[in-house]
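Hi,

Here is the model I promised to pass on. Have a look at it first, and my notes on what turned up follow below.

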Amino acid sequence: MRVHVLADDVINKISAGEVVERPASVVRELVDNSLDAGATDITVLLEDGGQRLIRVTDDGSGMDRDDALLALERHATSKLTVSDDLHSISTLGFRGEALPSIAAVSKMVLRTRCAGSAAAQEIIIEGGKIHRVQETAAPVGTTIEVRQLFFNTPARRKFLKSPRSEELKIKAWILHASIARPQVRFRLFSDNRELLNIPRHSSELERASAVFRGTTIPFEGTSDAVSVLGVVGHPSLAQMESGAFVILVNGRLVSDRMILRAVKEGFDSTLKDREFPIGFISVRLSAGDVDVNVHPQKSEVRFRHSQEIFEAVKKHVASAVQEFCFPMRAMPAMPHQTSTAHAARFEFASTFSAPSQRPERHLESYDHPEPIRQLASEPPLEKFKFSELRYLGQLMECYLLTELNEQFYVVDMHAAHERYNFNLMRRAFHERSVPSQQLLVPLTVELSEEGLERCMRQSHTFETLGFHWDSLGPTTLAVRALPSYFPESRLIQVVKEVAAIAEDLSTQSAFDEQIDKIAARLACHASIRSGKRMEAAEVYALFAALDSTEFSAACPHGRPVIISFTKSDIESWFGRDN
Ligand code: ADP
Ligand code: MG
């Protein structure tokens with residue numbers, strides 16, 4: 001379609017607002033345009049985090065002279081004609097606002113050539129005014145250079161973030177958006193450094209496996225009119241920011257709280273309250289069922305049947321997360337990996353890795369914004385059984401060393417027991433059927449007045465969990481019964497934690513919300529600590545118990561319960577592998 005100015009009735013239906021806020025939004029608009037133009041190779045170049053220069057080059061369709069000039073007008077687009085089209089948008093852009101908005105606040109050069117033209121057109125614009133239009137030589141495609149963003153609006157320039165943070169934001173955005181377009185090669189340069197070089201991939205899943213390191217499980221499925229596809233990262237890779245989970249809706253990168261919540265619910269108890277998983281989900285539905293015209297930067301969408309989407313996402317994510325029941329394989333560290341708090345937990349893997357070990361080829365050229373531990377999951381063939389492991393002995397009074405089928409497995413006994421107890425408690429809580437045991441002598445705990453008040457306020461809730469207590473004075477609590485699984489020695493600690501819970505748990509929804517947290521805390525207290533010598537019979541009893549429960553390969557905090565090393569991993573420690 002040729003570029004044309006939209007009719008007023010369409011313009012009035014378009015969600016208005018600021019398109020260009022910062023360099024990252026310029027990159028986003030320009031790259032979206034390149035993708036809409038059918039590009040298969042896109043290069044973004046930044047200077048000074050994009051404040052001095054942003055240049056986006058593509059090998060897309062290009063434009064002829066008339067279209068290029070018209071494209072700089074407000075509300076000129078080739079992607080939409082009548083307002084009805086707003087209900088079936090399949091392109092990333094549709095408002096015809098980006099180019100004029102960017103041109104108005106920068107010094108811009110647009111160089112473009114379409115397939116039929118012998119020469120390219122070069123348009124030089126400053127602060128929205130066209131200075132020159134001339135012919136030049138260039139390959140088919142478009143290059144847009146944006147210099148000195150906000151040079152004529154100093155007030156906006158003041159609010160720009162540091163070049164480094166802008167660069168990171170742009171890098172993360174390209175990396176995430178690239179998942180939706182696996183056939184497109186993306187490169188990012190910043191101040192002459194190559195930050196990204198993403199080769200073409202054959203599918204979204206293949207692209208995602210290059211973007212997300214570490215243990216991931218793919219999923220795919222269709223429910224009603226919604227199809228979903230994606231990967232989820234192991235719960236232990238979770239991060240404190242929501243941005244690590246990539247959400248694509250009909251190929252558009254968006255932030256959507258509803259989908260994110262469905263994903264989190266799919267992860268169930270494997271994530272802590274404020275943790276977000278890594279991974280991506282691509283949701284596809286008919287264009288009529290999603291309104292993309294709700295946000296000035298098109299980063300939010302609205303669904304016609306959001307409940308249906310919620311259920312589909314939750315269901316498919318949950319079934320993928322179930323597969324994390326398999327032991328994770330400890331992998332050699334990448335040489336350029338920095339040791340962060342995250343990576344440090346798996347230092348033993350890197351300490352053992354032979355120096356000659358090569359990182360996987362496709363990861364060499366670009367890395368994820370956040371370092372991620374390297375763990376790979378065993379192929380999920382049949383259910384893994386702890387009870388089949390042969391117990392070899394205990395290490396550091398904490399780790400259980402075992403073997404099976406030429407694999408060496410290390411089990412964190414506390415994490416394992418905690419997972420078992422957690423599942424047990426959670427089930428019992430939900431069924432409200434906790435076996436309780438009377439204490440011969442009530443146990444008294446001294447608390448503050450507020451603490452006692454809180455414990456009494458929660459007493460009814462905790463009764464359903466098997467704890468019975470009452471007050472013996474303004475600051476003394478008497479515990480008369482506790483659940484039979486629960487060791488008396490940890491009781492005081494639990495009461496003190498209950499005394500610190502400010503929320504009122506008496507409503508069903510508050511209880512549901514808090515129950516996992518409470519179960520996780522109780523499970524932690526009720527579980528064997530490191531420092532305990534384990535008899536073989538106790539170990540096998542624990543293994544049998546683990547086989548009877550779900551998610552057994554990760555503790556309630558998402559930490560792995562069991563790690564495996566293959567024979568060749570071990571051989572490589574001794575240089576036997578070459
Ligand atoms: P929109 O993307 O909403 O249509 P823009 O202002 O971003 O609005 O772009 C206006 C028009 O310019 C587009 O509709 C398209 O026809 C043309 N255009 C912009 N960038 C490119 C590009 N990289 N390659 C080819 N055509 C482009
Ligand atoms: Mg656009």
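Which residue stands opposite Leu477 in β25? Ser471 does. Before going further, a word on the ground rules: this is a predicted model, where local features need pLDDT of at least 70 and side-chain atom pairs count only at pLDDT 80 or more, while totals for chains, interfaces and linings use all residues. Residues are numbered from 1 along each chain as its sequence is written, chains are lettered from A and ligands numbered from 1 in the order in which they are written, and side-chain values use heavy atoms, with hydrogens and water left out.

**The sheet with β25**

That pair of residues belongs to β24 and β25 (476-483), which pair in the antiparallel sense over four bridges. (Two strands pair if DSSP finds at least two bridges between them; helices are DSSP runs of H or I with at least four residues, strands are runs of E with at least two, and both are numbered from the N terminus.) In general, strands of a sheet pair through backbone hydrogen bonds, either parallel or antiparallel.

The whole sheet is open and has three strands in the order β23-β25-β24, with antiparallel pairing. Its edge strands, each pairing on one side only, are β23 (436-446) and β24 (468-471). From one strand to the next, the twist averages 20 degrees. (Axes are lines fitted to C-alpha atoms, for helices over the stretch in contact, and angles run from 0 to 180 degrees between N-to-C directions.)

Two helices pack on this sheet. Helix α14 (449-457) touches β24 and β25, and its direction makes about 135 degrees with that of β24. Helix α16 (491-499) touches β23, β24 and β25, at about 65 degrees to the direction of β23. Contact here means heavy atoms within 4.5 Å.

**The five-stranded sheet**

There is also an open sheet of five strands, ordered β11-β12-β15-β13-β14, with mixed pairing. β11 (216-223) and β14 (252-254) are the edge strands, and the twist averages 20 degrees from one strand to the next. Inside it, β12 (226-233) and β15 (279-284) run antiparallel over six bridges, and Val232 has Gly279 in β15 as its bridge partner.

**Two hairpins**

β20 (390-395) and β21 (399-404) are antiparallel and joined by five bridges, with Gly393 opposite Leu401. Three residues lie between these strands, and Met396 in that hairpin takes a positive phi near 55 degrees. β21 then pairs with β22 (407-412), antiparallel again, through six bridges; here Thr402 stands opposite Tyr409. This hairpin has two residues between its strands, and Asn405 takes a positive phi near 45 degrees.

**Around ligand 1**

Ligand 1 is surrounded by 22 residues, the closest being Asn33, Thr77, Ser78, Lys79 and Gly96 (a residue is near a molecule if one of its heavy atoms lies within 4 Å of it). By class, nine of the shell residues are nonpolar, nine polar and four charged. (Ala, Val, Leu, Ile, Met, Phe, Trp, Tyr, Cys and Pro count as nonpolar, Asp, Glu, Lys and Arg as charged, and the others, Gly among them, as polar.) α2 (23-36), β4 (76-77) and α4 (98-104) each supply at least two residues of the shell, and α4 gives the most, with three.

Where are the polar contacts, meaning pairs of N or O atoms within 3.5 Å? A polar side-chain atom of Ser78 is 2.5 Å from an oxygen atom of ligand 1. The side chain of Asp58 has an N or O atom 2.9 Å from a nitrogen atom of the ligand, and a backbone N or O atom of Phe94 lies 2.9 Å from a ligand oxygen atom. Taken alone, ligand 1 exposes 530 Å², and the protein buries 96% of that (areas by the Shrake-Rupley method with a 1.4 Å probe).

Cheers

Conventions: Polar contact = N/O pair within 3.5 Å; in protein donor to acceptor, adjacent residues only side chain to side chain.
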